[in-house]
Amino acid sequence: MLTLFVGITMILIYGLTCYYIGFNTWRWLSKTFSFRFKKTFIVVVFLLAISFFVGFAIHLPVIEWIGGYWLVIVGYGILLLPIINLLYFISKKNAKFFSYSGWAIVAFFTFVFVYGTYNAWTPIVRDYQITIDQPTEAKEGKLKVLLAADLHLGTIIGNNHLEKLVKIANQEKPDIILIPGDIINDDITPYVEQEMNKTMAKLEAPLGVFASPGNHDYYGGDNEQLKKELNDIGIHYLMDEAEIVNDQFVVIGREDLTNPNRKTIEELIATNKTKDLPVIVLDHQPHEITEAQVAGADVILSGHTHRGQLFPANLITAKLFENDWGYMQKEQLHSFTTSGFGLWGPTLRIGSQSEVMIIEIDFR
């Protein structure tokens, strides 16, 4: 009953927000351009309002694309329009202010769509260097890690964007590739139908490619099939599992928090810290950094946050997570959280950019 009430409330809030944005837009169009096609305008706004949900349900790329852009208009609109409405009344309903403010909104969204699209589809490589103390019996040396998370492969993000990751990997030549979660975007069907496994198979490194699940890998109920798909092409998909690599360190891949029965980080490290080797943990959501530090992990790699993806959401993720993006050291633990290679929802990024992290580890 409570869930139904919350659902209805959210629908009403969303509907009223869309009405508010549509009403303001109609007033501007009718006063600035003498626009008179009111019924057509109402139909268009209604279709835009349901586009994201329709696209999500039937997996049509164009509809999903439009729906994502509409969500951005709703999000920024609800922030900007009350301010503009207030200034309009303060200006005593000045006609010129009304017209110019509309054009300012148009210019703002033009910038958001152009610049945000560039950030979304143009991945950047960020470089880091850290040092980990090795026990005397372990191998010394350097390790070059490529970290990429949140691929969100599906109807929007497919082989073309994935090829950019392959190109970066070929250029950087890492020793190992690590992918902590959200490989698919809820449904594995587009991944299979577009044969993305063939592109994923091009990701190669001397010490292997390792991945762990994220929340979106669970949502469609396809996580076990994804594990099989990746294992078939030699990618180690670790679900509360560990592997010793090169007799130099241990890689532990955690189940995501979506699985309420996942093992604790303490249990995983205590069980798998063979020969006291350094431990690298793949944990999609950066919720348990302190727990990883207390348990004795040396590196924890995460994604999930997208660094908010669209400003000012990054201000929220910064409050929700101890390390919502970038690098943080906590005693012996080195925490890295990437903003992600792909994206969810709107195909835009403002205040963040599609990225790959290159981490050079010096074992001493």
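Modeller: Ring pairs join Tyr 69, Tyr 76, Phe 108, Phe 109 and Phe 113 into a cluster. Rings of Phe, Tyr and Trp (its six-membered ring) pair if their centres lie within 6.5 Å; planes under 30 degrees apart count as stacked, over 60 as edge-to-face and the rest as tilted.

Colleague: What kind of model is this, and how are the residues numbered?

Modeller: This is a predicted model, in which local features need pLDDT of at least 70 and side-chain atom pairs count only at pLDDT 80 or more, while totals for chains, interfaces and linings use all residues. Residues are numbered from 1 along each chain as its sequence is written, and side-chain values use heavy atoms, with hydrogens and water left out.

Colleague: How many aromatic pairs does the structure hold?

Modeller: There are 22 aromatic pairs in the structure. One of them joins Trp 26 and Phe 35 edge-to-face, with 5.8 Å from centre to centre and 75° between the planes.

Colleague: Which charged residue lies over the face of Trp 325?

Modeller: Arg 307 does, at 3.7 Å from the ring centre. Lys 31 lies over the face of Phe 98, at 5.2 Å from the ring centre. A charge sits over a ring if NZ of Lys or CZ of Arg is within 6 Å of the ring centre and within 35 degrees of the ring normal.

Colleague: What does Thr 338 touch?

Modeller: Not counting residues up to four places away in sequence, Thr 338 touches several residues, among them Leu 147, Asp 150, Ser 302, Trp 325 and Glu 355. Contact means heavy atoms within 4.5 Å.

Colleague: Now for the charges. How many salt bridges are there?

Modeller: The structure holds 12 salt bridges, each being a side-chain nitrogen of Lys or Arg within 4 Å of a carboxyl oxygen of Asp or Glu. One of them joins Glu 195 and Lys 198, at 3.2 Å from N to O. Glu 195 is partly exposed at 44% relative accessibility, and Lys 198 is exposed at 56%.

Colleague: What about Glu 288 and Arg 254? How far is it from N to O?

Modeller: Their side chains meet in a salt bridge at 2.8 Å, N to O. This pair links distant parts of the chain, 34 residues apart: Glu 288 is in the loop between strand S8 (279-282) and helix H11 (289-295), and Arg 254 in the loop between strand S7 (249-253) and helix H10 (265-272).

Colleague: Which other residue forms a salt bridge with Glu 288?

Modeller: Arg 262 does, with the closest N and O atoms 3.3 Å apart. Arg 262 lies in the loop between S7 and H10 and Glu 288 in the loop between S8 and H11, so the pair ties together parts that are 26 residues apart in sequence. Both Glu 288 and Arg 262 are buried.

Colleague: Which residues make up the network of salt bridges?

Modeller: Arg 254, Arg 262, Asp 283 and Glu 288 are linked in that network.

Technical notes
Buried means under 20% relative accessible area, exposed over 50%, partly exposed in between (1.4 Å probe, protein chains only). Helices (H or I, at least four residues) and strands (E, at least two) are DSSP runs, numbered from the N terminus.
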